[in-house]
Amino acid sequence: QASLSIWGWGSLGIVLFLITFGPFVIFYLTFYILCFVGGGLVVTLLFGKTNSEKYLEQCEHSFLPPTSTGVPKCLEEMKREARTIKIDRRLTGANIIDEPLQQVIQFSLRDYVQYWYYTLSDDESFLLEIRQTLQNALVQFATRCWGYSSE
């Protein structure tokens, strides 16, 4: 009974399709599909890979401005500007606490940052900035803790 229902609905759909669009719709659809596929093949064969590469190269050069020398110049300036490294190793004011905290910072940077950062760059300034940021956060934490304990 299910197959009869499928055949019934399917044939009804086909009859309504033919009545709506006419009996020659199948030929028109076939002709349109063949024209679309044939046109695509003709354009691909005539225009071809080499012609499209030439066309893309022309478009690329006509729309994009020439590359400037600014980036290499900027990199050269940055290398010339060798900053002096000043690291204040005091964090809490107590050496018995500061040294282990410095070791924790050093090991954390080594284990969680350096292993991936050195694949990107050999520049040490990023690592020094992270160290300074961590140290500043620890100094702020220590000063606020001392401030609350004295009240």
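The report below takes up the model itself, a record-based region, aromatic rings, one aspartate and the cysteines.

## About the model

This is a predicted model, in which local features need pLDDT of at least 70 and side-chain atom pairs count only at pLDDT 80 or more, while totals for chains, interfaces and linings use all residues. Residues are numbered from 1 along each chain as its sequence is written, and side-chain values use heavy atoms, with hydrogens and water left out.

## A region from the record

An unreviewed UniProt entry places the feature "transmembrane region" at residues 14–47; such annotations may be inferred rather than shown by experiment. In the model, that span is 91% helix and 0% strand, and its end C-alpha atoms lie 40 Å apart.

## Aromatic rings

Searching the whole structure gives 8 aromatic pairs, where rings of Phe, Tyr and Trp (its six-membered ring) pair if their centres lie within 6.5 Å, with planes under 30 degrees apart counted as stacked, over 60 as edge-to-face and the rest as tilted. The ring centres of F24 and F27 are 6.3 Å apart and their planes meet at 40°, so this pair is tilted. Elsewhere, W116, Y117, Y118 and F126 are linked by ring pairs into a cluster.

## A buried aspartate

D98 lies in helix α4, residues 95–117 (helices are DSSP runs of H or I, at least four residues; strands are runs of E, at least two, and both are numbered from the N terminus). D98 has 2% relative accessibility and therefore counts as buried (buried means under 20% relative accessible area, exposed over 50%, partly exposed in between, with a 1.4 Å probe and protein chains only). Leaving aside residues up to four places away in sequence, D98 touches R89, R90, L91, T92 and G93, contact meaning heavy atoms within 4.5 Å.

## Cysteines

The whole structure contains 0 disulfides by search, a disulfide being a pair of cysteine sulfur atoms within 2.5 Å. C35 counts as partly exposed at 40% relative accessibility, and C145 is partly exposed with a relative accessible area of 37%.
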